[in-house]
Amino acid sequence: MRETGAIAGVSVAHADATVDEIEAAGGDGVRATVSDLLAREGVEEAFAVQTCNRSEAYVVTDRTVDGTTALSTFAPDVRGGAVRRLDHEESLEHLMRVASGLESLVLGEDQIIGQLREAYEESKSAGGIGPVLKDAVTKALHVGERARTETEINEGVVSLGSAAVRLAAGEIDLTDGTAVVVGAGEMGTLAARTLDDTAVSGIVVANRTVPHAEFVVEEVNTPAEAVSLADLPAVIPDADLVVTATGSPDLIVHPSYVDDAGRLVCIDIAQPRDVDPAAGAREGVTVYDIDDLEDVTRRTRESRAEEARRVESLIDEELDRVLEAYKRKRADDAISAMYAGADRVKARELDRAMSKLEAQGELTDEQRETVADMADALVGQLLAAPTRSLRDAAGEDDWETIRTALQLFDPEFTSQADGPEEADITDAAAGGPDAIPDSVVEELDD
């Protein structure tokens with residue numbers, strides 16, 4: 001019996017990495033990252049997440065060493081201090097924390113839920129999602145939803161889009177000003193909605209696909225218009241604020257676009273960057289990126305500290321449940337092997353006993369049933385104590401006892417792992433294995 005289902009993960013996120021490092025780690029996108037990981041030796045499943053403030057990848061392998069090797073070249077151009085590597089248990093906990101908003105630049109923000117779902121679908125389309133990652137990501141999303149319904153972690157919290165507007169309001173007077181939002185995705189829409197609550201007199205939404213920009217325009221009450229990206233050189237010089245949030249791999253705002261601008265603040269919340277940093281060299285023009293939002297979001301983080309502790313308790317509760325499930329699964333693997341071995345011996349010896357009894361005189365059906373019941377009872381009573389001991393061993397992380405039992409009762413067992421990090425959490429919440437008699441399962445559960 002070979003242990004399977006170990007998750008290994010790697011994260012490059014805003015807490016330790018710069019915008020450029022996150023961008024470098026992102027590679028060519030989620031699908032390309034997943035496809036590349038699936039092609040590596042030993043990788044059975046793969047999942048990637050790429051947002052404006054994190055690039056992460058997860059793989060499932062039979063052995064943890066294969067997972068570590070597969071992810072060793074993730075973010076090769078990023079300094080070691082910006083890369084966090086996660087084992088099986090750490091990956092499960094980290095995904096729950098990410099989904100709950102505890103790892104976001106803006107503590108408790110809601111956008112990450114949708115981003116995780118989108119990453120899951122993209123990874124699934126690339127063939128990367130199997131039973132282990134399906135369970136892990138689904139559990140993380142469930143925890144994220146619980147965090148937002150059972151606590152106030154997201155009450156009054158700002159998104160990156162609204163954080164950008166707050167940052168701008170501290171730099172310039174937006175009264176009767178004009179703001180340009182570049183990008184009609186989720187972040188761009190949130191930025192436009194936040195601007196709608198300020199004193200700006202006009203909003204311009206620029207997007208590669210103009211109908212998408214028109215949809216955002218309909219979301220605000222402030223006078224607004226939709227334009228194409230080709231119109232940016234004409235609209236930017238008249239603006240007071242530019243917020244960019246596209247998914248373009250190329251720069252969108254070039255230095256020449258701000259040559260005729262007056263006082264202008266550009267806030268780039270895209271990953272990769274939308275605004276050429278050289279635009280900030282123009283007098284009167286200030287360019288901010290995601291790193292610069294940290295001070296704005298710090299105040300929100302402090303106000304959400306108490307709620308964050310409640311979310312962490314929730315995560316501890318859910319993580320304990322998951323870990324207990326796969327500990328039971330590992331114990332049940334050993335118990336199943338033990339009962340299967342005992343059943344083979346019982347069947348052989350029962351045949352011999354029946355043959356000897358038949359030689360002494362023909363047995364009735366009732367007599368045969370009595371002998372068979374006695375054999376079943378003997379096996380159940382003899383193995384009840386070892387079964388309970390194996391369950392206790394799993395609960396106490398005594399994996400040496402589990403390994404020994406597997407070696408004794410399963411000739412196909414290969415000792416490849418030293419602990420629960422190799423456990424398969426797939427179907428872990430199910431009951432005991434079919435090989436265990438119902439009477440014994442009922443007694444253990446009492």
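**Close-up views of the predicted model**

**View 1. The largest nonpolar core of this predicted model has 36 residues.** Leu160, Leu195, Leu241, Val265, Ile267, Ile269 and Leu293 are the members that touch the most others in this core. Two or more residues each come from α7 (160–169), β5 (178–182), α8, β6 (202–207), α9 (210–217), β8 (241–244) and β9 (264–268). Helix α7 provides the largest share, six residues. This core lies between domain 1 (1–154) and domain 2 (158–295), because both domains give residues to it.

**View 2. Leucine 293 and its contacts are shown.** Leaving aside residues up to four places away in sequence, Leucine 293 touches Leu105, Leu160, Ala163, Ala164, Leu167, Ile267 and Ile269. Among these, Leu160, Ile267 and Ile269 are listed with Leucine 293 as residues that touch the most other members of the largest nonpolar core.

**View 3. The largest pocket holds about 850 Å³ of space.** Its lining is made up of 29 residues, and Gln50, Thr51, Thr246, Gly247 and Gln271 lie nearest the centre of the pocket. By type, the lining has 11 nonpolar, 13 polar and five charged residues. Residues of domain 1 (1–154) and of domain 2 (158–295) both line the largest pocket, so the pocket lies between the two domains.

**View 4. Several elements contribute to the lining of the largest pocket.** At least two lining residues come from each of α1 (19–26), β2 (43–51), α5 (111–125) and α8 (186–196). Helix α5 gives the most, with five residues.

Conventions
Residues numbered from 1 in each chain as written. Predicted model: local features only at pLDDT ≥ 70, side-chain atom pairs only at ≥ 80, totals over all residues. Heavy atoms only, no water. 1 Å grid on protein atoms, 1.4 Å probe; cavity = no way out; pocket = protein on both sides within 12 Å on 5 of 7 lines; lining within 4 Å. Points joined across faces, edges and corners; volume = space filled by probe spheres on them. Helix = DSSP H or I, 4+ residues; strand = E, 2+ residues; numbered from the N terminus. Nonpolar A, V, L, I, M, F, W, Y, C, P; charged D, E, K, R; others polar. Domains from an automatic or database assignment. Core = buried A, V, L, I, M, F, W, Y, C linked by side-chain atoms within 4.5 Å. Buried < 20%, exposed > 50% of the residue type's maximum accessible area, 1.4 Å probe, protein only. Contact = heavy atoms within 4.5 Å.
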